[in-house]
Amino acid sequence: MPSDAPPGRRARRLRLVVRYTLLTLGAVVVLGPLYLTVVNSLLPASALAQRPPPLFPVHPQWHDYAAAWSQGHLDVYLRNSAIQTGIIVAGQLVTSTLAAYAFAFLRFPLRRTLFVVFLATLMIPFEVTIVTNSTTVSDLGWYNTFAGLTVPFLATGFGTFLLRQAFLQIPRDLREAAALDGYGHLRFLVRVAVPLARPSLAALGVFSFLAAWNQYLWPLIVTGSGTNVRTVQIGLKLLEGTQLSHVDVVLAGTVIAVVPLLVLLVVFQKQLVRSLTGGAVK
Amino acid sequence: MSRRRRVREAALGYLLVLPALCVFAVFVFYPFAQNFRLALFQAPPFPGLPSRYVGLHQVGQVLTSSSFLESLVATVLFVVMVVPAGLLIGLLLAVAAHRRLRGMAVYRVIFSSTVVTSVAVSALVFGTLMDPVVGLLPWLGLNPSPPILQNTTWALPAIAVMAVWQFLGLSFIVMSAGLSSIPEEVLEAARVDGASERTVFWRVTVPLLSPTIFFGTVVATIYAFQTFGQVDILIGPTNAAFEHVNLLVYNILNTIEIARTTGQAAVLSIVLFLLTLGVTLLQLRLVERRVHYAQ
C-alpha cells in the first residue's frame, strides 16, 4: 500500500481486508467439514490417521466410491430416493395447484373454512402424527412400499398457500376475458394461471424436492429389511452401522448422497431462497 | 350468474380441493386426533389382546416417568444450545455477506450450502471428525474420556454442534432476506446523522430486523424440537450417554418401535405438539405487540 494514500482510502482498504478475512473464515467453518469429508473419502485408509490431517488428496483413490456404490447399495438407494422424491414433488405440485386455484378463483360455500383447515395442517408437525400413521400404513398393506413412503406427503398446506398467493396476483379481468373467449376454468388454469405462477411453482418444487430427499424419520419407520424401497438417507445410516471399520467408504457414500443436492443449490438458489423465505420476509 | 353455473362452479371447487383434503384427513387430522384417544388407553401386556381404558392414569404415568423427564431436559437444553448459536452465526454471516463486493455470490452459495444437507449427512460428516481414532479432536487436544459421543456430558453438545452447522444455511438465508428488506436510505440517513457503523447496526439494523429474528427463532426452535437423526445414527439406545441425548422425537420413535406402547407414544406426541404450538403462539404475540408499538 503506498504510504501517501489518503487516510480515508487506507481505512477503507483495511476494512475491506477485514471483511474478506471474516468471510473466508466463515466459509472455512461452513464448508470445512464437507471439504474434509471429500478429502478423507479420497485418501487411502492408512492416511486417515495422519497428523496433521492431509488437506489435499495427492493420490486420490476412487475405489471407496465403487465400494459405497455397489457393496453399500447406494446405486439402488439413490434410485429409490429419486422415485420417492419424484412422486412427492409431482404430487404436491398437482394437489397444491388444484386446491390453490379453487381458493383463488372459485366461489363455493365453506371456502374460507376449508382454507383455514388447510392452514391448520401447518400447526401440526409431522412427528406428532407418526404413532397412528405407522399403523395406518401397515393396515393398508403399504409397509415397505413406495405408496407408504409417499402418499402421506402428497398434499401440503404450505404449497397451497404459496400458490394461492401467486394466483391472487393474476388480474380478475384476465379471467373474465378468457371466459369471454370460451375458456372454462380448467383450460384457464392450465393455459394461463399455471404459466403465470411459474416462479412460485418452481420455488415450491425445489422446496418439496429438498424436503423429500432429506426425509429421515418416515423412511426409517416405513422401510424394512431388503433394499427394494429403502432411501439413500437410511442407506447412509446402514453404511455407518455395518462398515464402521471402513470409514473412507462411509465418507464416500456421504459425498455421493450430498453432491446432487449441492448441484441443485447452485442451479436453483434463487427458487430455494424464495420458498424458504416465502411467507415471512418479503 | 345463473343458478346452474353457480352450482357447477361450487362442485368444481370441491373437486379441486378434494385430493389434498383426503390426504390431510387421513394422514394429518385423523392421526392427530387419535393421539388424544390413544393417550387414554393402555397397550395390552401381550400383542393381540384389546387395549384397556385407563383414563388420565397413563398421561400422569408418562409425564412423571424418568424417561420423559430426561427427554424434556435434553430437549430444552438442546434448544438452548442450538437456537441462539444457529441464529447468531447465521446473522453474522449474513451481515458479512451483505455488501455488493466481488466474489460475494460465491460466499452466498457457500453460506447457504448446509441447507441442502440431511441429518444423515451431517451425522456422518461430524461422526468422523469427532471419532476418537480417525477424528480431529485428539489432534486438537480435545480428548474426553469416554469418547465424546459416549460421554454423558459432551454427547449432547456434540449433537448440538452438528445441528447448528446443518441449520446455518437456513439461518443465513432467512437473515439475508431480512437484511435486504431494510431500505438502504434508512441506514444512509443514520450515517449522515453521524452514527458509527456499530451504532447503525445495533440501533437501526437489529430493531428493523426483529421480525426476521422472531421468525428465525420459531423456525430454529421447531427445527431443534424435531432433531433426532444424528442421535439415532451416532448414539442409539444402547449407548452409555443415551439418556442424556434422548430427545423427545427419538423417545416417541423408540416408544413406538421398541416398547410398542402406542398410548405412551401418543402422550409424548401431544406434549411435542403443545411445545411447538406454544412457541408458535408466542411468536405471534411478540410480532403483534411490535406492530402495536409501531402504530
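Start by selecting helix H5 of chain B, residues 119-129, which is mostly covered: eleven of its eleven residues are buried. Helices here are DSSP runs of H or I of at least four residues, numbered from the N terminus. Buried means that 20 or more other C-beta atoms lie within 10 Å of the residue's own; with 12 or fewer a residue is exposed, in between it is partly exposed, and the C-beta atoms are placed from the backbone. The buried residues of H5(B) include B:Val119, B:Phe126, B:Gly127 and B:Leu129.

A quick note before moving on: this is a predicted model, in which local features need pLDDT of at least 70 and side-chain atom pairs count only at pLDDT 80 or more, while totals for chains, interfaces and linings use all residues. Residues are numbered from 1 along each chain as its sequence is written, and chains are lettered from A and ligands numbered from 1 in the order in which they are written.

**Across to chain A**

What do their axes do? The crossing of H13(A) with H5(B) is left-handed, the term for a near helix turned anticlockwise from the far one by less than a right angle, with right-handed for clockwise.

Now pick out the residues that meet. On H13(A) these are A:Val247, A:Val250, A:Leu251, A:Thr254, A:Ala257 and A:Val258, and on H5(B) they are B:Val121, B:Leu124, B:Val125 and B:Thr128. Contact means C-beta atoms, placed from the backbone, within 7 Å. Sorted by class, there are eight nonpolar, two polar and no charged residues here. Ala, Val, Leu, Ile, Met, Phe, Trp, Tyr, Cys and Pro count as nonpolar, Asp, Glu, Lys and Arg as charged, and the others, Gly among them, as polar.

Zoom out to the whole interface: 71 residues of chain A are in contact with 72 residues of chain B. On chain A's side, H13(A) gives the most, with 15 residues. That side has 45 nonpolar, 18 polar and eight charged residues.

**A helix pair inside chain B**

Next, select helix H3 (residues 66-97) and helix H8 (residues 197-226), both of chain B; their axes come within 9 Å and cross at roughly 140°. H3(B) and H8(B) are therefore oblique to each other, the label for angles that are not under 35 degrees (roughly parallel), over 145 (roughly antiparallel) or 65 to 115 (roughly perpendicular). Their crossing is right-handed. The contact includes B:Phe78, B:Val82 and B:Gly86 of H3(B), along with B:Gly216, B:Ala220 and B:Ala224 of H8(B). It has nine nonpolar, five polar and no charged residues.

Stay on B:Val82. Which residues touch the most other members of the largest nonpolar core, with its 158 residues? A:Tyr101 and B:Val82 do. A nonpolar core is a set of buried Ala, Val, Leu, Ile, Met, Phe, Trp, Tyr and Cys residues joined through C-beta atoms within 7 Å. Helix H6 (residues 155-180) of chain B gives the most to this core, with 18 residues. Leaving aside neighbours within four places in sequence, B:Val82 is in contact with B:Ala160, B:Ala163, B:Val164, B:Phe167, B:Ala220 and B:Ala224.

Go to B:Pro146, in the loop between H5 and H6 of chain B. The peptide bond from B:Ser145 to B:Pro146 is cis, with omega near -5°.

Next comes B:Arg260, in the loop between helix H10 (248-259) and helix H11 (262-294) of chain B. Its phi is near 55°, a positive value in a residue other than glycine. Is B:Arg260 buried or exposed? With 12 C-beta neighbours inside 10 Å, B:Arg260 counts as exposed.

Over in chain A, A:His73 also has a positive phi, near 60°. You'll find A:His73 in the loop between helix H2 (63-70) and H3, partly exposed with 19 other C-beta atoms within 10 Å.

Finish at A:Leu106, in the loop between H3 and H4 of chain A. Not counting residues up to four places away in sequence, A:Leu106 touches A:His185, B:Glu9, B:Leu12 and B:Gly13. A:Leu106 and A:His185 are 79 residues apart in sequence and 8.7 Å apart in space, C-alpha to C-alpha.

Note on methods
Axes are lines fitted to C-alpha atoms, for helices over the stretch in contact, and angles run from 0 to 180 degrees between N-to-C directions. Helices (H or I, at least four residues) and strands (E, at least two) are DSSP runs, numbered from the N terminus. Two residues are in contact if their C-beta atoms, placed from the backbone, lie within 7 Å.
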